[in-house]
Amino acid sequence: MSVNERVGAAEPGKTGKQQGAVTETSGLKKVVAASMVGTVVEWYEFFLYATAASLVFGHVFFPNAGSELDGIIAAFVTYAVGFIARPLGGIVFGQIGDRLGRKHTLQVTIVMVGVATFLMGCLPGFDTIGYWAPALLVALRFIQGFAVGGEWGGAVLLVAEHSPNKSRGFWSSWPQAAVPVGNLLATLVLLTMSTLLPADQFLSWGWRVAFWLSAIIVIIGYYIRTHVSEAPIFLEARAQVEADKAVNYGVLEVVRKYPKGILGAMGLRFAENILYYIIVSFSIVYLVVVHQYDTSQLLLALLIAHVVHFLVIPQVGRLSDALGRKPVYLAGAVLGSTWAFFAFPMFDTLNPVLIVLAITVGLCFHALMYAGQPAIMSEMFPTRMRYSGVSLGYQVTSILAGSMAPIIAAALLQKYNSWVPVAIYIMIACAITVVAVVTLKETKGVSLREVDAVDARKHGLDPAPALK
């Protein structure tokens, strides 16, 4: 029985072929929906912080900074705390997810990030409680990042491990497409509040509404995630671990047995992560600080770009199934290295159409790398340690890449008063990822069971027992 045929429960009166079709359209889509809705929730909240750090937090929590850019840099430092916490979350939840399952781990992460985000909206500002305000903000940001660190690996593996070999790139790209949806919702809420409210009211309480609204979608996401099942291949791997005490799993095992896989995943992630946060975070800083560009117009530009990003990601995932993981990813890294050199001159025109176009093209370049990540990384590691492997490769990189990118870019802009150093910074990051892609083994269409079988032969383990 194939992976695809075992996703859902059999229905009376259906032939094997009919049942396979039902499973294709219902079981797998149900898993995709459960993965996506939680990811939308968690990234709505995570990116809400990014946008608020660009527009609000410098004024509310760091009003005594020497200049506007100093306040924004201070806000981005608290933003970076979430990235620092993410690898810790990846380690802890990766271990739990490899042992107990993807489903229950994802239920915990969505509640944690929801509570932290709601409480952020309740925090008094610096003028009210002084330094306790940024201190509490940092603490909540840490909790938020810790939870998100465990979210991504579980969400994408829930889909990747259910997906057919020939279309894993397409199906597992959908949780990635949920990221711009979360960002889209965050941008839409902030755009609405900033448009309807005067600037002083938006800074005093309007931004808080977006954080409070997270409670609604957290409840919806949690409910949907209770109605999915673990992938058969994971259940088989768990049975193998329980039956054979010599079989290990989790973080320490993947570091010992697959260090090259972790480094490869980090190299793939490096440029993608930097490029994304320059586009969605630093672009806001550049246009607002350098050109005093209207906030509402800027949020509208991001809104349009996020819609296009959402539409493009699954198609790029499909392309990775057709052409291979490597050529598509390589195209993204090469094209991404050129983005800043034409995007910032387009920003300087202050033409709304050109600004939207620059951001949108950048996110399309990003999609060429981002869409295929779940498939590529899931194909790098055996099931018994896959959650830990993908989480480490993905989340550890965020400390050096995404967390630092807006800070480095803002510091470069402040020192050189030019976007050119920022463009060079992106180009160097893309060169690192190009090297990682070139050294990557093509895994298009590989069976995850074969990955497990190779792992078992390599390390002298008994094959995972097939479940009836």
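**Aromatic pairs and overall fold**

Ring pairs link Phe 282, Tyr 286, Trp 339, Phe 341, Phe 344, Phe 347 and Trp 419 into a cluster. Rings of Phe, Tyr and Trp (its six-membered ring) pair if their centres lie within 6.5 Å; planes under 30 degrees apart count as stacked, over 60 as edge-to-face and the rest as tilted. The model is predicted: local features need pLDDT of at least 70, side-chain atom pairs count only at pLDDT 80 or more, and totals for chains, interfaces and linings use all residues. Residues are numbered from 1 along each chain as its sequence is written, and side-chain values use heavy atoms, without hydrogens and water.

The structure holds 18 aromatic pairs. Phe 170 and Trp 171 form an edge-to-face pair, because their ring centres are 5.2 Å apart and their planes lie at 65 degrees. Phe 170 is buried, at 11% relative accessibility (buried: under 20% relative accessible area, exposed: over 50%, partly exposed in between; 1.4 Å probe, protein chains only). Trp 171 is buried at 10%. The rings of Phe 344 and Trp 419 are stacked, with centres 5.9 Å apart and planes at 5 degrees. Phe 344 has a relative accessible area of 0%; Trp 419 has 17%.

Arg 318 lies over the face of Phe 170, 4.2 Å from the ring centre. The charged end of Lys 458 sits over the ring of Tyr 258, at 5.5 Å from its centre. The criterion is NZ of Lys or CZ of Arg within 6 Å of the ring centre and within 35 degrees of the ring normal.

Buried residues make up 60% of the 468 residues in the protein chain.
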